[in-house]
Amino acid sequence: MLNLCRRQHGLGVPETADSLQPIPLEERHLPSGTGSASTTHLLGINNPRGVNALHPDANLVFEAAGLTIIYGDNGSGKSGYARILKRACRARDRGKAIVPDIYAAGYPASASASLPFEQDGVGGVVEWQDAENAPVSELSAVCVFDKDCASVHVETPNEVAFRPLGLDVPDRLARLFADVAAELSKQKAALAQARAGIWLTPTWQAQTVVGQALGRISADTDADSIKRIAELTDVKRERLAQLKRDLADDPASAASQLRVVEQAAATLLKRLAMAVGGTSDESLNALLDAVRTAAATREAAAGASAAQFRAEPLPGVGEAAWRELWKSARAYSENAAYRGQAFPVTDKDARCALCQQVLDSDAAGRLRRFDEFVRNDVEVRARDAEHHRDAMAGSLRKLDLRTRSVRVPLQAVGLYSGSVADAVRRCIINARLRRRAALRGIVGEAAAPVAGPPDAVKKVEDLIGSVRSRIEELVASSSDEARQRLVAERDDLADRQLIGGMMPVVEAEIKRLRSLRAVERCLKALSTDPITRLGTSLARGILTDQLRDSFAKELNRLTDGRIRAELVYAGGNRGQPRYQVKLIARPSSKVASILSEGEQTCVAIAGFLTELATSSHRSTIVFDDPVTSLDHRWRRSVANRLVEVAKERPVVVFTHDIVFVHDLKDRADEEGTGCSTQTVRRIGERTGLIADGLPWIAKSVEHRLDELEKRARASKKKYESGDDEVYGAEARSVYDDLRATWERAIETVAFNRVILRHRDYVETKHFKKAIVLNADDSETIRVNHGRCSDVVRGHDQSSGRNAPVPTPSQMLDDIKALRDWVDDLRERQRPFRG
């Protein structure tokens, strides 16, 4: 965008941007859902190539109706599949280009995958490449939601704003304009500073033709017109030489020349004062004191750190590298991870801002100790001393000690007194050497001491005094009008001769002024007023009463009425029409300080579903970890709502929250909504491997029994081959899992999920099914659970006992015993359903 703007207004762009062209808005950039009746069902992701470390032969399947749950632990590759869908389908935040597995040999230049789909009953496959700037047109009706795509965000500390799809475009465009304008403002400031010094202290006369032309120089000045003024014929050159000879003794001319010398000397005097003052013994000793003070206070802070953190598991706490790490962690926590909360956040279930693991009590205490150390007086004094030292050293480095920056006044003074000009040069060089020695001393490098500066300041002051005296004498003796006309002629010719040798400087100034004008035109073109008008116009058409009512209803469904809020138009600014979320009962309250992160997520999901309600199709929608910041109340509400939505359109949910998986499955079972599950697994370095169903820990009793029967039958070959050692290990593994399945059956079947381990509530409405339990059930459980315990090696067994392992047929009978008991119990519970 910056290069497009620069090129449009005549500014140079990098060679790589020469062929850059703006991309006009096309229909494929827009979601196809709002005005199209076509329904697209995404059916899976096949053969991902160059997508993180996903296995290239993996195939993920989505159902064309109902609910599809994709479960995966952290690091399994689940997020890689979600990234594909964000890039290929419709998402508010498509994220950055997908990174391949950089450790794999010969990884492709860009990510790709096969995406089977069905549109209005007609099947197809998109061969997706991660190179497009927009969603794949066939999949643009498939919408993706994750934490980065939320349509709700905190505008100010007290405002929560909602952006329906479309209204965020002016908002984002205005921010882009501001970013581009910021870059151009930097260029404008640099151009303002780039003006050559000769324009500040000109050596030409203001009243001459040249002086007047240079005084009017602008971006529209034609450099050739200045060149024509500078052209002198041989006759004119001879005339200039004659005038110089004739006026050599002219008092006014001599005074004018001396004024040039005086002005040049005054310029040098200012520069010398800066150079001598900045590198004087007093200044350098003050810097040395600051260095010593910083070192001493840092040593004290390091001692305090070493004493305070001697018992910490890693060394170096409190040192420079650690402090930078702490500073970065603070910025990330306060600006992104835990916005609005003081760092460090050590509440229950809080996560480390660096490793993002949940903080246990030791880690939380360590963070608090670190924060106390950073805030204590010793560390603060050390940082202040270092900042003071760095500021003094920075000022020393910024001193302009270049002789070329005063080349013109040096030449002028040199023509009058070469010794004074040489003294100025030596003084500036001496200041450079003293600065170099001082800066080396700061970083501990050895540097030979440099003597104090030569007394050039006094020589320049004496020269100025003598020149002023001479000027006063000459002015007092000059009064001949005719000679003044000759002087004017001589000055005009002399300036024309002068300008002939400085045309590169003139051309550079014209170029600078033209660039400055182009930058100002760019900045004017970046006004956000039209964007604000566009956003306001869109808002009035999009945010109808019907949409606002729909939003309120969705929010009520998700939060069971705990958040009663509405959308209120709050004006616009810089392309951003503001529709704030206001609490109905207390519209003046500071919403952002009232809504928790989880409640804001509910508002975001409500906005997402509200937008979908306006579409005329029923295409697939995808949720990636939608409940990461929610507690059990909101999580169940979201699960209930997603199952409701799955009755109308296919819903795909990626999650690593096993409790949320059970909430979804339980609700789907209650509502009779189709629900399929798959697990994304990691095996060694291979990620993204797909397995049907859920992992063992999350499988239902029936699915566990199916798997146990398969394992029991598979072990028969080992039994018949006489490989007792291998068969025994496999059989004990089966009985170990069978015993766990009895325990799971007690939890989920006998007590009907009334109480689940690690769940923070009791589901009392299902307790009535537990009344069918009797003494026979208790005995069945005791006998079969005990039989499993006798087989597994929960403890070291006596070598003399060496009890035989059950045969495969006995193993199948024991598995059947659990299945029969579960079937019988469910049949007895049937009258108590509902």
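Predicted model: local features only at pLDDT ≥ 70, side-chain atom pairs only at ≥ 80, totals over all residues.
**View 1. S76 lies in a loop and is buried.**
S76 is located in the loop between β4 (67-72) and α2. Its relative accessibility is 3%, and buried means under 20%, so S76 counts as buried. A polar atom of the S76 side chain lies 2.7 Å from the backbone oxygen of D73. Leaving aside residues up to four places away in sequence, S76 touches V680, R681, R682, T687 and G688.

**View 2. V99 belongs to a nonpolar surface patch.**
The patch is made by V99, I102, Y103 and Y107 and has an area of about 500 Å². V99 is found in the loop between α2 (78-88) and β5 (112-119). Because its relative accessibility is 48%, V99 counts as partly exposed.

**View 3. The largest nonpolar core has 41 residues.**
F623 and L664 are the residues with the most contacts inside this core. Helix α20 (residues 597-613) supplies the largest share of the core, 8 residues. A second, separate core has 34 residues, among them V291, L410, V413 and I464.

**View 4. What does F623 touch?**
Among the residues that F623 touches are I605, F608 and L609. F623 also touches F145, L642, V651, V652, V653 and F654. Residues up to four places away from F623 in sequence are not counted here.

Notes: Residues numbered from 1 in each chain as written. Heavy atoms only, no water. Core = buried A, V, L, I, M, F, W, Y, C linked by side-chain atoms within 4.5 Å. Buried < 20%, exposed > 50% of the residue type's maximum accessible area, 1.4 Å probe, protein only. Helix = DSSP H or I, 4+ residues; strand = E, 2+ residues; numbered from the N terminus. Contact = heavy atoms within 4.5 Å. Patch = residues over 30% accessible without salt bridge, like charges linked within 9 Å, V, L, I, M, F, W, Y side chains within 5 Å. Areas by Shrake-Rupley, 256 points an atom, 1.4 Å probe, with all protein chains shown as cover. Salt bridge = Lys/Arg side-chain N within 4 Å of Asp/Glu carboxyl O. Polar contact = N/O pair within 3.5 Å; in protein donor to acceptor, adjacent residues only side chain to side chain.
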